[in-house]
Amino acid sequence: MTKNKNNKFTNPIATAKRVFSNCFSFFKNLLNNHLLELLSLLLFIFTAYYVNYPDEYVNLLAGKAILNGQVAYKDFFDHHMPLAWFLAAVIMILSENSLLLFKFVWAILQFGFLWFVIGKLIKKYSDEIYSKFKYFAVLYPVVAMYFWLHLFLADSIASLTAASSLWLLIALSFAKTIEKKDICITGLLLSSIVLTSLTYIYWTAFAYLWLFLIFVKTKPCLRCYLKFTLINLMPYLVLGLYILITNSFSEFIFANFTYNTEFYINIANYTKGRYFNPVKMLLTLIFNFWDKTLPVIPKIGNHDLYFPHTQLFILSALLTTYLIFKLNKAYGVLFFLMLSLSAPRSEIISLGDRNYQAGVFITTSLASLFVSFYLYRKTITKDLETTVIKALMVINIIYATVSVLFFSQSFYEKVFFVYTQKMPRNYDRDFTAEFIDSLLDKNDYFWIGPYEPHRAFFVVKGRLPGKYPTLLPQFSESDYLQSNFIKQFETNPPKIILFKHTSSIFMTPAEQFGEFFLTYLNQNYIRVSDADYKVVRNLTDFDLNTDLYINKNYADEIITKLKQKGYIDN
């Protein structure tokens with residue numbers, strides 16, 4: 001028994017019971033009111049441990065470069081817009097260069113963004129729409145993990161923000177009253193798609209037009225029109241100012257436009273002319289989408305329930321297109337055009353796993369699945385037309401049920417295999433990177449390629465010599481790229497270079513597209529055999545006999561270290 005301040009005795013058993021009861025009530029209330037949020041959080045966290053993919057490490061290396069004071073495009077080359085790089089830099093401040101912590105923070109950011117930013121905005125306008133959005137937010141990490149949209153890629157970020165933008169456009173389109181600040185938030189969200197990937201610039205353009213029609217519905221004044229325009233242009237003006245201040249305009253243009261249009265992007269049915277024709281490209285993308293989509297439509301309703309998610313996504317998108325059009329013809333046309341431009345670099349006739357390049361189509365179609373139920377309730381009548389739509393909705397529900405079971409089984413399988421170590425998970429180390437560090441002193445230069453950013457990221461002691469962390473096949477087609485690529489090695493000669501001769505990119509052997517670089521290496525570097533040594537202990541992914549190049553000026557130092565560590569012998 002204890003005495004309280006009022007000189008009354010309290011029973012410790014009763015106190016313990018009261019504390020337990022309060023805790024039980026708290027957790028019961030948490031589960032009852034926030035079960036979906038907790039489930040979504042758990043699913044997002046699981047995604048942080050699955051798959052190690054080289055492409056996302058390019059964004060991480062760019063983030064590192066920015067934190068080291070380097071200028072995007074001028075000091076670091078990649079053919080994407082820079083938002084992912086700056087976002088990576090911010091996350092790295094929080095994760096302290098730990099890959100596992102980076103992935104964990106990225107998963108939490110996605111969860112928080114969906115539930116506490118997009119979800120709250122939707123709930124402000126419609127509880128009914130929010131009730132559909134909650135199930136989208138739970139299913140999102142499951143679907144994302146199957147298609148590799150959980151990775152830190154430009155397509156992944158664009159897919160997340162595109163689907164979120166669509167939800168906000170739907171909520172604002174059918175709201176009775178609209179706050180102009182929420183229109184501006186949606187506009188800023190749309191800008192993040194373009195600033196991440198120019199691939200979806202057409203999709204975003206029509207989404208902007210939809211947003212503008214919503215804005216007009218609020219009957220704004222002339223000053224409001226100017227403010228709306230300025231706010232939506234602000235992200236692009238900030239990027240322009242950054243490029244202007246850093247004097248990197250020519251590098252920005254080359255990376256995002258010249259490189260992509262002349263060397264990288266190869267769109268089917270697009271015939272290149274003397275100059276890039278944006279209208280021709282627009283029409284080609286629409287043609288390509290429906291050319292590959294129309295053959296799938298007759299399969300809808302044929303009772304084939306084996307991997308039905310392609311039919312599910314297409315039927316969901318088409319139903320949503322029709323229902324939006326029935327409520328507002330302008331919005332319906334715009335959504336149709338957005339749908340037609342949602343997979344410019346991927347065929348959706350059969351959506352297999354890892355197809356992150358179709359991400360915007362996948363995530364917006366997943367959103368359409370839930371949006372269609374909301375829109376159906378708004379348009380329901382008793383005519384024949386509605387009967388047909390109702391039948392299609394029933395078919396879609398069947399597809400959705402089977403697809404959810406399939407995605408859930410796939411998700412569980414991946415989690416099980418990773419947890420039981422039947423499948424490798426992400427780690428904060430790389431053995432090849434550790435080998436490189438063992439041969440270097442602090443701040444020595446190194447390079448590894450032709451495409452090994454997932455190894456370069458883990459090198460601690462060494463630093464890359466210049467702006468090109470990778471060597472791509474397109475480099476062999478450009479004298480400009482070749483000369484600038486070699487220049488970084490002449491300016492900051494690495495002590496060692498690992499070049500994987502057996503690798504290939506886009507089905508082009510490394511020895512073929514890297515011939516110009518190998519010529520340079522053979523003139524300025526030596527290999528182990530040139531020093532009359534033989535390899536007695538090799539790396540798993542590299543052959544030290546052929547892939548290790550040693551700077552002639554540091555040959556004695558590197559050879560000595562290799563001998564001491566038991567990699568070579570006489």
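Predicted model: local features only at pLDDT ≥ 70, side-chain atom pairs only at ≥ 80, totals over all residues.
Me: How many helices and strands does the protein have?
Reply: The protein has 21 helices and ten strands, where helices (H or I, at least four residues) and strands (E, at least two) are DSSP runs numbered from the N terminus. Of its 570 residues, 53% count as buried, a word that means under 20% relative accessible area, with exposed over 50% and partly exposed in between (1.4 Å probe, protein chains only).

Me: Why are α8 and α9 called roughly antiparallel?
Reply: Helix α8 (residues 201-217) and helix α9 (residues 222-245) pack at about 155°, with their axes 11 Å apart; axes are lines fitted to C-alpha atoms, for helices over the stretch in contact, and angles run from 0 to 180 degrees between N-to-C directions. Angles under 35 degrees count as roughly parallel, over 145 as roughly antiparallel, 65 to 115 as roughly perpendicular and the rest as oblique, and α8 and α9 are therefore roughly antiparallel to each other. Among the residues that make this contact are Tyr208 and Phe212 of α8 and Phe228 and Asn232 of α9, where contact means heavy atoms within 4.5 Å.

Me: What makes α12 and α13 roughly antiparallel to each other?
Reply: Helix α12 (residues 309-327) and helix α13 (residues 329-340) pack at an angle of about 155°, with their axes 6 Å apart, and this angle is over 145, so the two helices are roughly antiparallel to each other.

Me: How do you know that β3 and β7 stand at the edges of the sheet?
Reply: Four strands form an open sheet of mixed pairing, in the order β3-β4-β9-β7. β3 (446-449) and β7 (525-526) each have a single partner strand, so one side of each is left without a neighbour in the sheet. Two strands pair if DSSP finds at least two bridges between them, and three bridges join β4 (residues 496-499) to β9 (residues 548-551), which run antiparallel. Within this pair, Ile496 stands opposite Ile550 of β9.

Me: Why is Val371 called buried?
Reply: Val371, in helix α14 (residues 359-379), has a relative accessible area of 3%, which is under 20%, so Val371 counts as buried. Leaving aside neighbours within four places in sequence, Val371 is in contact with Trp167, Ile170 and Thr320. Val371 and Ile170 are 201 residues apart in sequence and 8.0 Å apart in space, C-alpha to C-alpha.

Me: Why does Phe506 count as exposed, and why is Arg354 called partly exposed?
Reply: Phe506 lies in the loop between β5 (504-505) and β6 (508-509), and its relative accessibility of 51% is over 50%, so Phe506 counts as exposed. Arg354, in the loop between α13 and α14, has a relative accessible area of 49%, which falls between 20% and 50%, so Arg354 is partly exposed.

Me: What is the phi of Arg354, and what is the phi of Phe506?
Reply: Phi of Arg354 is near 70° and phi of Phe506 is near 50°, each a positive value in a residue other than glycine. Most residues other than glycine have a negative phi.

How values were computed: Residues numbered from 1 in each chain as written. Heavy atoms only, no water.
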